[in-house]
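Work through the exercises below with the coordinates loaded. Try each task before reading its solution.

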Amino acid sequence: MDPAADPRPAPQCGVVRRRHVLLGAATACALGGCATRRDRSAVDETMTLADLRDRLEQDFAGTPVQFHWREPAGQGMARVLQVVVSQPHGFEAGRVAVRPALAALLDRVAPALRRQARWSLQILGPVDARAPAAQGSERAAAVRDYLVMKGVPPGRFAALQRSSGGHTELRLLER
């Protein structure tokens, strides 16, 4: 076919090239994250427990995760961030494996625990209605093992206990 007889308008190279550049930039921004977007997973040594609480409250707003804050009652006492995950979001009935909803929370807590040497963690595991009391300790151990797998030093764990309320509870202590 003769190019002069083609009824379609000739492509304008500048417009096509600009469109491809914009499309490529939008794709890279969506897949890789924009350079101007703040990395919310970044943790440094100056992060306080209150900073972590604020970050987690934003990240888990609208979910069944609850946060409670306790200031030290006296000198030498620790600040406490209590994080409560209701059942069945923490563990499946009769099982000890960490469920994805609880894992998402632990994935957010692990970097801070790795970097903050002055923090420790108490874990309280839930017990199912007709299960032996040892199930709570086993579930607490599963949470500990998950965090150790994510690089949290084993010495950061203060206690593994069973929860009396039927929920998974993390108590982060800042001394």
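## Surface and ground rules

The accessible surface of the protein is about 10,700 Å², and 54% of it belongs to carbon and sulfur atoms. Accessible areas use the Shrake-Rupley method with a 1.4 Å probe, and for residues only the protein chains shown count as cover.

The model is predicted: local features need pLDDT of at least 70, side-chain atom pairs count only at pLDDT 80 or more, and totals for chains, interfaces and linings use all residues. Residues are numbered from 1 along each chain as its sequence is written, and side-chain values use heavy atoms, with hydrogens and water left out.

## Exercise 1: the overall layout

Task: state how many helices and strands the protein has, and in what order the elements run.

Solution. 
- Count the elements. The protein has four helices and five strands. Both are DSSP runs, numbered from the N terminus: helices (H or I) have at least four residues, strands (E) at least two.
- Read off the order. From the N terminus it is α-α-β-β-α-β-α-β-β.
- Check burial. Of the 175 residues, 33% are buried (buried means under 20% relative accessible area, exposed over 50%, partly exposed in between; 1.4 Å probe, protein chains only).
- Check contact range. Among contacts with a separation of 6 or more, 68% join residues 24 or more positions apart. Contact means heavy atoms within 4.5 Å.

## Exercise 2: H2 against H3

Task: find the angle at which helix H2 and helix H3 pack, and classify it.

Solution. 
- Take the geometry. H2 (residues 49–59) and H3 (residues 100–115) pack at about 160°, with axes 11 Å apart. Axes are lines fitted to C-alpha atoms, for helices over the stretch in contact, and angles run from 0 to 180 degrees between N-to-C directions.
- Classify. H2 is therefore roughly antiparallel to H3 (under 35 degrees is roughly parallel, over 145 roughly antiparallel, 65 to 115 roughly perpendicular, the rest oblique).
- List the residues. Leu 52, Leu 56 and Asp 59 of H2 meet Leu 105, Arg 108, Val 109 and Ala 112 of H3.
- Sort them. The contact of H2 with H3 has five nonpolar, no polar and two charged residues. Ala, Val, Leu, Ile, Met, Phe, Trp, Tyr, Cys and Pro count as nonpolar; Asp, Glu, Lys and Arg as charged; the others, Gly among them, as polar.
- Look at burial in H2. Its buried residues are Leu 49, Leu 52, Arg 53, Arg 55 and Leu 56. They pack against strands E1 (65–70), E2, E3 (119–125) and E5 (167–174), and against H3.

## Exercise 3: H3 against H4

Task: decide how H3 lies relative to helix H4, and which residues make the contact.

Solution. 
- The axes of H3 and H4 (residues 134–149) come within 9 Å and cross at roughly 55°.
- H3 is therefore oblique to H4.
- H3 contributes Leu 102, Ala 103, Leu 106, Asp 107, Ala 110 and Leu 113; H4 contributes Val 143, Tyr 146 and Leu 147.
- The contact of H3 with H4 divides into eight nonpolar, no polar and one charged.

## Exercise 4: two residues

Task: are Val 80 and Ala 112 buried or exposed?

Solution. 
- Val 80 lies in strand E2 (residues 79–86). Val 80 is buried, at 5% relative accessible area.
- Beyond four places in sequence, Val 80 touches Leu 49, His 68, Trp 69, Arg 70, Arg 171, Leu 172 and Leu 173.
- Val 80 and Arg 171 are 91 residues apart along the chain, yet their C-alpha atoms are separated by 6.3 Å.
- Ala 112 sits in H3. Ala 112 is buried, at 0% relative accessible area.
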